[in-house]
Amino acid sequence: MEEKHNHKKEEVHSHSEHTHEQTHEHNHELHEHYGHINNAEHKVKIILNGKEVLCSSDEYLIDIAKRENIEIPRLCLYDRLERTANCRLCIVEVELNGKKRIMTSCSTKPAVGMIVSTHTSKVLEHRRINLELLLANHDLNCPICPKNLHCDLQKYSSDLMIKDTRFNGVRRITPVDESSRSIRRDDNRCILCGRCIKMCNDIQTVNAIQQNFRGFNTVITPPLGHTMAESACVNCGQCVIACPTGALTEKSDIQHVIDALNTPGKILIAQTAPSIRATLGECFGMDPGQNVTGKMVNALRMIGFHKVFDTDLGADITIVEEATEFIKRLTSGKPNDLPMITTCCPAWIKFGEQFYFDQLNHMSTCRSPQAIMASLIKTYYANSIQKDPKDIVLVDIMPCTAKKFEICRPEFKNEADFVLTTVELAKLIKEMNIDFVNIGNSDFDNPLGESTGAGAIFGHTGGVMEAALRTAADWLEKKDLQNIDYKEIRGMDTLKEATLEIAGHKINIAVAHTLGEARKLMEEIKTGKSKYHFIEIMACYGGCIGGGGQPAPCTAEILKKRTSALIKEDEHKDLRKSHKNPAVIQLYKEYLGEYGSERAHRLLHTSYYPQEYK
Ligand code: SF4
Ligand code: SF4
Ligand code: SF4
């Protein structure tokens with residue numbers, strides 16, 4: 001699927017506009033000369049690297065080649081983003097009616113009789129030149145780059161056996177922007193591919209970064225010389241996922257965690273978010289969608305954590321509080337109480353606080369599972385082991401760059417100490433020389449380690465809503481319902497909706513992922529046109545399995561595999577409803593009282609306020 005939003009289109013890299021136009025000119029020329037490029041979709045036969053291939057006239061050559069297991073390099077093309085054809089690495093040789101041309105395969109569609117060669121000497125030489133031009137003013141300190149060994153620019157340079165660049169560009173040295181709690185921006189490694197701008201502006205509609213200045217001085221920064229921390233950035237990290245180099249990375253907390261692990265007298269606790277188990281294996285070469293829960297817990301113990309708790313339990317607690325709140329709002333009779341919007345995602349919360357600060361009453365007051373667990377670990381658990389919370393160092397293992405920002409919000413002060421993303425945890429495991437693929441399994445610790453299938457599915461889009469509905473429907477119907485799979489809100493569509501009949505209530509629900517979709521829903525609410533009663537919003541495409549701290553790339557194909565791992569975990573659990581979790585029941589009985597009690601509100605809920613940005 002290709003997004004067609006065109007916010008701030010006039011600010012697109014001038015080079016990319018030029019090359020894009022050139023490619024269209026080429027296509028137009030071919031069209032005029034031969035009349036073979038078809039407008040209406042139909043099947044076309046082409047010759048691809050000597051083999052006859054049947055394809056649709058609406059496909060692009062780069063995608064046809066991929067289907068035929070031929071990987072063509074690309075640096076500006078990324079899943080879901082508009083094609084700009086500006087890096088020119090994907091060039092191929094195209095022959096039509098005896099005439100040969102070099103074309104960009106990301107923007108060229110097949111025509112009858114077309115002969116396409118993807119790796120001729122001429123193509124490889126052109127690719128090398130284009131890559132060397134990109135490298136000419138690039139910081140080439142690869143071993144000390146945060147993306148070392150995970151960088152597309154580095155991979156293609158190696159694939160094309162680039163040893164040096166024949167173009168000696170003047171290197172511009174720019175200070176690294178470390179102002180944000182979540183994102184590190186290093187212009188010295190930027191190749192101006194434009195993916196981050198498209199992601200931030202077209203998909204997320206945040207417009208935190210743009211192309212500034214011209215020619216040699218071009219940089220990708222927030223507008224008017226502001227830093228990332230001062231900008232509208234909501235820390236979602238979707239630009240980090242899209243960036244093919246080390247120019248945008250997560251802000252690392254690894255050294256802080258190593259220091260804490262080596263501080264005598266401290267109790268080191270880790271909690272791991274639902275999605276990590278479905279993605280961490282990829283950092284060690286395992287296939288997407290392998291559940292590595294046991295290895296992950298074992299690795300954390302080997303690193304030196306004294307206790308490892310499961311954030312899935314925090315998700316179960318979020319659900320009982322959220323379902324309580326939803327039923328209260330649904331039955332209150334007050335029109336402004338609905339729709340209620342989930343608040344597990346700190347990037348969405350900051351987005352709402354910045355752009356829809358007059359609609360904050362629609363946000364559930366429940367904390368995210370991470371913040372709920374942090375609160376309980378520093379109160380209930382510290383109390384149960386008779387330790388001063390100050391002696392506990394809590395490290396949250398999250399899919400998410402925005403969680404680094406969340407733990408620094410003043411209302412969560414003194415709770416979680418550090419957040420490591422999936423990618424950072426993998427780096428730490430490698431630094432400790434742990435053979436992740438071959439280590440055995442270990443179980444979570446109790447009492448904060450027991451969870452249900454409802455907690456597991458929090459990691460993918462639609463999961464929070466599905467988990468909440470399982471509990472809310474049981475409570476409204478006053479039954480133990482058996483049909484608990486809400487399949488209509490699963491899948492990768494960025495907006496999913498359904499109407500449910502529950503205990504005489506007709507409930508319209510919506511599930512949105514990406515902030516562009518969130519914006520559309522919020523505009524409807526603002527103008528009083530929303531038909532929904534309950535909405536789930538997650539900032540990242542696919543939900544947390546596609547979070548800014550996950551291993552890249554996060555293509556729809558990979559995200560589907562990660563989602564399947566979580567759905568499988570849910571289906572194999574004996575308990576699949578949050579309110580049936582014995583650990584939740586015990587916690588309320590022992591410590592929190594009733595669902596929605598005064599203590600539960602103090603420890604498990606929060607409030608929101610307008611956020612300013614420059
Ligand atoms: S983290 Fe998200 S909001 Fe911030 S610049 Fe990147 S894409 Fe934009
Ligand atoms: S920061 Fe990364 S994604 Fe953005 S233009 Fe530079 S290289 Fe491309
Ligand atoms: S969707 Fe998940 S990973 Fe992405 S910002 Fe929200 S909480 Fe973080």
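Proline 447 is placed in the loop between helix 13 (422–431) and helix 14 (453–456), where helices (H or I, at least four residues) and strands (E, at least two) are DSSP runs numbered from the N terminus. A cis peptide bond, with omega of about 15 degrees, joins asparagine 446 to proline 447. This is a predicted model, in which local features need pLDDT of at least 70 and side-chain atom pairs count only at pLDDT 80 or more, while totals for chains, interfaces and linings use all residues. Residues are numbered from 1 along each chain as its sequence is written, chains are lettered from A and ligands numbered from 1 in the order in which they are written, and side-chain values use heavy atoms, with hydrogens and water left out.

A cis bond also joins alanine 552 and proline 553, with omega of about 0 degrees. Proline 553 lies in the loop between strand 17 (534–538) and helix 17 (556–572). Most residues other than glycine have a negative phi, and most peptide bonds are trans.

Positive phi values occur in loops as well. Arginine 80, with phi near 80 degrees, belongs to the loop between helix 2 (61–67) and strand 3 (91–96). Arginine 80 counts as buried because its relative accessible area is 5%, the term meaning under 20%, with exposed over 50% and partly exposed in between (1.4 Å probe, protein chains only). Asparagine 414, whose phi is near 65 degrees, is in the loop between helix 12 (402–406) and strand 14 (418–421); at 65% relative accessibility, asparagine 414 is exposed.

Leucine 500 stands opposite isoleucine 507 of strand 16. The two strands form a hairpin with 2 residues between them, and alanine 503 in the turn has a positive phi of about 45 degrees.

Glutamine 370, in helix 11 (residues 369–384), is buried at a relative accessible area of 2%. Beyond residues up to four places away in sequence, glutamine 370 touches several residues, including Gln271, Asp396 and Lys403, contact being heavy atoms within 4.5 Å.

Finally, the shell around ligand 1 includes Cys200, Cys233, Cys236 and Cys239, a residue being near if one of its heavy atoms lies within 4 Å.

Notes
Two strands pair if DSSP finds at least two bridges between them.
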